[in-house]
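Visitor: Could you walk me through this model? I'd like to ask things as they occur to me.

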Amino acid sequence: MPTDAENACFEAGIKFGSLYHQFAGTPVSPDSADSLARAMEESIENQPHCEDVRVTMLEDELAAELAASTADYTELTGRFLEVEMEIEYEGLTAETRMEMEDGYPLMKLVSVEE
């Protein structure tokens, strides 16, 4: 039987999978970046056990991508995001983070505490 801590971590993984794969590929521009970040937060916060989601669009990365393009937008990928989540399960809080590492968006467990 999984422990409560293991279940909290599982719930965090489900939230990250939903967030990333639901929104990857969405058209994003500097004008829409903030509203897209808020939509991502609000969408994932609807899921059970999700207490807080903070999505930060990396505006410098987005601007650099668009500077090398003739288009006014690009598709959302992990390189434009930093995400933090707080999952609560049976009195435990799992703190998680997604950030780029070696060109890949990694989802990490920061801590699990009572």
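Visitor: How exposed is Glu75?

Guide: In this predicted model, Glu75 is partly exposed, with a relative accessible area of 48%, and its place is in strand β3, which covers residues 74–75.

Visitor: And what does Glu75 touch?

Guide: Leaving aside residues up to four places away in sequence, Glu75 touches Gly25, Thr26, Val28 and Phe80. Phe23 is 52 residues from Glu75 in sequence, while their C-alpha atoms are 9.4 Å apart in space.

Visitor: Let's switch to α1, then. Which of its residues are buried?

Guide: The buried residues of α1 are Ala8, Glu11, Ala12, Lys15, Phe16, Leu19, Tyr20 and Phe23. Seen down the helix axis, they fall within an arc of 155°, so they line one face of α1, whereas Phe10 and His21, on the other side, are exposed.

Visitor: Why would residues three or four places apart point the same way?

Guide: An α-helix has 3.6 residues a turn, so residues at that spacing point the same way.

Visitor: What does the buried face pack against?

Guide: The buried residues of α1 pack against α2 (33–45), β2 (50–57), β4 (81–89), β5 and β6 (104–113).

Key:
Residues are numbered from 1 along each chain as its sequence is written. This is a predicted model: local features need pLDDT of at least 70, side-chain atom pairs count only at pLDDT 80 or more; totals for chains, interfaces and linings use all residues. Side-chain values use heavy atoms; hydrogens and water are left out. Helices (H or I, at least four residues) and strands (E, at least two) are DSSP runs, numbered from the N terminus. Buried means under 20% relative accessible area, exposed over 50%, partly exposed in between (1.4 Å probe, protein chains only). Contact means heavy atoms within 4.5 Å. The arc is that of the directions from the helix axis to the C-beta atoms.
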